[in-house]
Amino acid sequence: MNQTIVRINNITKLLLFGTLVVSTGCTKKPEISFSCDRDKVGNYVLKWEVSPQNAADKISIYMSDNDSVFTEPPILVADINDYVASIPAQDSISRNFFQLRVKNTYSGIISNHYFRMDNIQNFRDVGGYYTSSGVQIKWGMIYRSGDFSTLSSKDYQTLNKLGIKTVIDFREEEERAMNPDLFRGENLISLPINSGNRTYIRERVLDGSFYRGDAIVFTQDMYKALIEYSSDKYAEFFDLLCDENNYPIVFHGYLGKDRTGLAAYFLLRALGVPDDTNQDDYLFSNSCISEQQVLGEARFLPERMQEAATVICKADLSYLDYAKTWMINLNGSVDEYMTERLRLTPEKRERLRTLLLYK
């Protein structure tokens, strides 16, 4: 395999999905921060920062198709201040995992959160994040996504390759009937959650009677309804997550940003992921949804009408904050809401951590 190193002089922003710090006595070992993505042809792009940094140090990169087994020798040894490496993939469907080493310090397990699919919106791994106590969520156990109503051959092969066993569909009966999932895994489980009349909204967008302000009010009302009336469905969702026989799992709605976004927020919070990381995951939908693909003919509407369609396609922290406000109104705090309404007892939280966190 040919490896290509790309050197850059300045990294203004990295998506730092993991950090490992090890200290012994008064000697601080390197802190390794990292991120990973796959480019349009499937190659891996690894980025890192090391602190403290010694320009003379080397960084060793290990690759495996198994997140628990990394063997010598490394596939690549780079200068520590190269900051980024491109690792060619054997194909665009198989998945690899990586680990970085500086001297005797190893990073956490590294892979890609986002999967570039042909016809599936917003498909990504919920794994890889770190809890407040520094424990990493397992890769390859639980995914979030838009629906599977249109699949290319490559999309189907990718889902099969990931070994997904259980598909949890948050869409309502009418949505499912109009656009049934073409990938079902071994278990297709329906947990219908009402998110408003999308067909009616689409018609209003297209006829020019639905504006940006209407879209904001519609989305706020939807989040309020999700919190007030859908807690039993989210509770069932967590019951499914507590059964190890259901994994690997994918859960989805239409675009995978609202009903699915709240489910992911609840899950990451239950696992102990810091709120700023959790919010970043919520907003990550905006980088994983093709507005052009979703809007279709709405792209050719006047700008004031396109603005409404854009609001419907975007995740915004104001909506998540709005949902939190209603949780606090109902139960005094977000965590109390999750305990009381979602039946996320301390025992269930511990069960989730046993199943989904690396030891």
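Good morning. The model is predicted, so to speak of local features we require pLDDT of at least 70, and of side-chain atom pairs pLDDT 80 or more, while totals for chains, interfaces and linings use all residues. Residues are numbered from 1 along each chain as its sequence is written, and side-chain values use heavy atoms, without hydrogens and water.

Let me turn to aromatic rings. A pair of aromatic rings is described by the distance of the centres and the angle of the planes. Rings of Phe, Tyr and Trp (its six-membered ring) pair if their centres lie within 6.5 Å; planes under 30 degrees apart are stacked, over 60 edge-to-face, and the rest tilted. The whole structure holds 18 aromatic pairs. One of them, Y62 with Y106, is tilted, at 6.3 Å centre to centre and 40° between the planes. Y62 belongs to strand β7 (residues 58–64) and Y106 to strand β11 (residues 105–106), 44 residues apart; strands here are DSSP runs (E, at least two residues), numbered from the N terminus.

Are these two residues buried or exposed? Buried means under 20% relative accessible area, exposed over 50%, and partly exposed in between, with a 1.4 Å probe and protein chains only. Y62 is buried at 3%, whereas Y106 is partly exposed at 34%.

Ring pairs also join F170, Y234, F237, F238, F251, Y265, F266 and Y337 into a cluster.

Finally, K224 lies over the face of W326, 4.5 Å from the ring centre; the rule asks for NZ of Lys or CZ of Arg within 6 Å of the ring centre and within 35 degrees of the ring normal.

On cavities, a 1 Å grid over the protein atoms alone is used, and a cavity is a set of points where a 1.4 Å probe fits but cannot get out. Three cavities of 30 Å³ or more are counted.

Terms used
On a 1 Å grid over the protein atoms alone, a cavity is a set of points where a 1.4 Å probe fits but cannot get out, and a pocket is an open set with protein on both sides within 12 Å along at least five of seven lines; lining residues have an atom within 4 Å of a point. Grid points are joined across faces, edges and corners, and a volume is the space filled by probe spheres set on the points. Helices (H or I, at least four residues) and strands (E, at least two) are DSSP runs, numbered from the N terminus.
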